[in-house]
Amino acid sequence: MPQKTSDTPMMRQYMEIKKQYPDAFLFYRIGDFYELFYDDAIKGSQLLELTLTARSKNADDPIPMCGVPHHAAQNYIDILVDQGYKVAICEQMEDPKAAKGMVKREVIQLVTPGTTTDQKAEDAKENNYLTAVSFDAATKKYGFAYTDLSTGELKVAILDDIESVVNEAVGLRTREIVADQYFVEHFGERFKELNILVSQQNDVEISAELSYLIQNLTSPIAVQVVKQLLMYVQVTQKRNLAHMQKAIAYEPSFYLRMDHASKYNLELTRLIRTGKKQGTLLWLLDETKTAMGGRLLKQWLDRPLIRKDAINARQSRVQVLLEHFFERSNLQEELTKVYDLERLAGRVAFGNVNGRDLIQLKTSLLQIPKIRHVLAELDDPVFDEALTRLDPVSEIADLIEAAIDEDAPISVTEGNVIKDGYNPKLDEYRDAMRNGKKWIADLQAQERQATGIKNLKIGYNKVFGYYIEVTRANLASVPEGRYERKQTLTNAERFITPELKEKERIILEAEQKSTDLEYELFKKIRETIKEQIERLQNLAKQVAELDVLQSFAVVSEEYQFVKPTMTESHEIEIKAGRHPVVEKVMGHQSYVPNDILMNQDTEILLITGPNMSGKSTYMRQLALTVIMAQMGCFVPAEEATLPIFDQIFTRIGAADDLISGQSTFMVEMQEANRALKDGTANSLILFDEIGRGTATYDGMALAQSIIEFIHQNVHAKTLFSTHYHELTALDQTLTRLKNVHVGAVEQDGNLVFLHKMEDGPADKSYGIHVAKLAGMPDSLLARASVILEQLENENQGDAAKLTASETPQPVFTASQAAETQPADQSGAEESSVTSSSREVVEEQMALFDTTPAQKKTNQLQTQVVEQLTNLNLMDMTPMEVMNQLYKWQKKLRK
């Protein structure tokens with residue numbers, strides 16, 4: 001009779017387990033399948049394109065259900081995890097045949113976006129970071145930790161604010177962040193908007209075997225967040241974590257700092273247009289031969305150095321490799337044979353390493369003596385330390401050589417993994433198996449001869465074991481009493497003999513014992529290797545570093561990069577500099593190099609010139625040159641002298657932040673504000689077309705005030721490109737500002753870009769010429785020319801007033817001006833600046849039509865002038881200044 005209810009013991013067991021993992025898909029093992037039920041089945045069938053069926057179809061409440069074969073489950077798990085979901089894998093913990101009652105089941109692993117370790121081949125050079133954050137109410141600071149479970153890397157930092165947390169998380173491209181309840185409630189939604197899965201973990205009591213990982217940490221905040229991270233890993237992974245490395249505390253300010261917006265704008269690792277690696281600086285620099293080297297290169301790119309001695313040490317090693325072509329070629333050849341030692345060590349710790357993995361480990365270790373020989377041939381002291389640290393771990397290589405078969409299968413439980421001669425007992429079992437099978441082959445030949453039945457055969461199946469099979473046509477030829485009947489088939493009879501069954505027992509016993517013994521031997525070998533994981537990880541670091549250095553040497557030679565001179569002075573001198581990526585795409589012959597010269601007295605380059613002429617490229621090339629130099633690489637120039645920068649800020653390009661609901665202009669102002677607020681005299685600032693996202697006069701006022709603020713307060717090396725040609729007159733009042741422009745000429749009414757940077761301001765913007773190059777209709781271009789001429793004639797007088805007789809006044813208060821002057825001139829200067837400021841504002845207001853009907857507006861203007869005169873800009877942030885400007889504008893437009 002059909003069952004009328006779905007409330008069965010198995011479903012009750014399922015519901016109990018599901019309650020523990022409410023936010024995960026539960027893959028529930030039944031026989032050879034993983035089954036999903038209820039909402040998991042409905043959603044899973046859609047995401048995985050599975051057929052949705054039902055369990056207990058005849059019940060009053062049938063259960064939605066779908067499933068996947070256990071041997072193909074990993075592919076389906078990867079699909080769900082890649083889309084940001086968690087998957088709990090629930091296995092049968094006992095043999096169903098031997099179980100009494102309900103089969104015991106447990107979740108053996110919770111796979112999440114941040115904990116997945118099964119990397120695809122194309123992701124071998126990518127880290128998958130799981131991050132954690134906790135807020136310390138006493139200090140108002142955030143603990144931030146991250147780990148890559150596949151390599152064991154574990155690092156921690158103390159951050160000042162939530163923006164720093166966001167910057168670190170986005171910079172690491174984390175897919176999951178572990179947080180306590182406070183953080184989830186206050187900031188969870190913000191990280192979800194960034195497509196980062198937020199997982200809650202409140203308990204921080206880690207197991208004793210993991211406590212050694214935090215022994216080098218001194219800060220309670222750091223200890224707390226690392227415990228939180230490790231606890232989550234323990235809860236989800238439920239397996240050995242012997243490969244986890246001791247937590248290392250880092251300070252972001254110990255490296256060249258770039259927020260995620262700057263990295264995005266500079267296209268360091270991902271192209272803005274495609275989101276892919278090709279066309280980025282990472283793509284250009286990556287000539288690494290190992291997965292470890294590829295990951296380390298990306299880490300160096302994310303965190304360039306700021307210590308001069310460390311930078312010079314890297315560049316010196318690149319120099320030696322550059323000068324020794326044959327030795328470098330030999331090094332590359334040996335590195336090509338080195339597999340991913342970091343992740344192999346992780347697989348050993350997790351217990352999912354197989355025979356083929358160990359063969360890869362052995363092959364890698366056998367290359368280390370050869371790599372040491374190459375370094376010895378270089379005979380240069382800069383590689384002495386690397387030579388010392390390249391530990392070949394020869395005992396592990398010897399163990400694998402002696403024990404593991406070169407053609408070992410993927411499975412470690414079905415035999416044929418261990419070599420002959422490694423274990424005497426195993427050799428005995430194998431001999432019995434081989435001799436037993438030979439005996440059966442000989443028996444078959446004997447019986448054929450004795451009975452005269454040519455097609456008599458001895459076969460085997462798992463149900464009946466070994467048997468003698470005779471076709472029905474030949475039954476009459478079987479001597480009476482020779483065999484014992486076992487099974488009757490349609491066309492044949494099967495027989496056995498006591499001797500055959502005894503040999504079967506010996507063979508099968510030998511096979512089972514051989515398989516069991518092989519697995520035990522393999523586990524012992526794995527445990528022996530596990531004891532050397534720390535040595536393997538240290539070796540992996542040294543090999544990865546050598547790989548990155550040789551990559552720098554290869555790229556530097558191929559693209560004719562030079563070794564930069566790093567100085568303590570505040571001076572940039574780049575001769576014939578190039579944008580490395582653009583040059584690679586265009587070709588060396590097509591690219592037009594440019595000098596970048598900024599002595600100690602020049603802090604701002606104000607760049608003008610037509611669109612598409614190369615202003616943004618010029619700005620980006622300086623930033624990329626700085627990053628490459630501080631990574632330890634050579635740079636694209638004929639000669640380069642550079643200071644060491646502490647931060648890079650960029651605002652290049654236009655993009656709305658649709659996730660946060662912010663416009664291009666708001667994003668522009670926020671990025672500009674970060675530079676103005678956090679920049680120092682040792683920073684590099686790149687601002688491209690600041691102010692273009694609002695009305696002309698608003699934009700021009702903001703652009704000028706930002707330039708003046710940087711000049712008077714920040715003193716960072718700054719490249720500022722603009723189409724506001726009125727701003728070029730600022731070099732008359734700002735002594736550390738210099739005008740440069742991108743050359744362009746008109747030939748027969750057409751615009752020709754020279755792509756060459758020249759001193760002085762551009763004579764005009766050439767906007768209509770650029771529109772012509774874009775292919776706009778001739779009639780439209782002619783009309784635009786007429787309108788432009790009219791506008792220029794109408795505004796000629798106003799423009800003169802705006803520039804205040806070609807001497808625009810800085811937008812800062814009289815008190816600030818007095819502070820910059822000698823004491824004996826302060827009184828006169830204050831009067832002059834106050835009067836001039838009032839005059840400039842009055843003249844700028846004249847740009848609006850002041851008819852008699854607007855006398856009330858004139859009164860408001862007077863109020864604004866007075867407020868401006870009394871405003872103390874020194875006590876205001878850049879954003880507060882912008883807000884005040886907005887209030888004035890709103891008041892005047894009423």
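**Salt bridges and sheet**

I looked up Arg-389 and found its side chain in a salt bridge with that of Glu-385, at 2.7 Å from N to O. I took a salt bridge as a side-chain nitrogen of Lys or Arg within 4 Å of a carboxyl oxygen of Asp or Glu. The model is predicted: local features need pLDDT of at least 70 and side-chain atom pairs pLDDT 80 or more, while totals for chains, interfaces and linings use all residues. Residues are numbered from 1 along each chain as its sequence is written, and side-chain values use heavy atoms, without hydrogens and water.

Both Arg-389 and Glu-385 lie in helix H14 (residues 384-389), four residues apart, about one turn of the helix. Helices (H or I, at least four residues) and strands (E, at least two) are DSSP runs, numbered from the N terminus. I noted Arg-389 as partly exposed at 47% relative accessible area and Glu-385 likewise at 49%; buried means under 20%, exposed over 50%, partly exposed in between (1.4 Å probe, protein chains only).

I next examined Lys-457 and Glu-469, whose closest N and O atoms are 3.9 Å apart in a salt bridge. Lys-457 is in strand E14 and Glu-469 in strand E15, so the pair ties together parts twelve residues apart in sequence. Lys-457 is partly exposed at 39%, whereas Glu-469 is buried at 14%.

I then traced an open sheet of six strands, ordered E11-E10-E7-E8-E9-E12 with mixed pairing; two strands pair if DSSP finds at least two bridges between them. E11 and E12 stand at the edges with a single partner strand each, so one side of each lacks a neighbour in the sheet.
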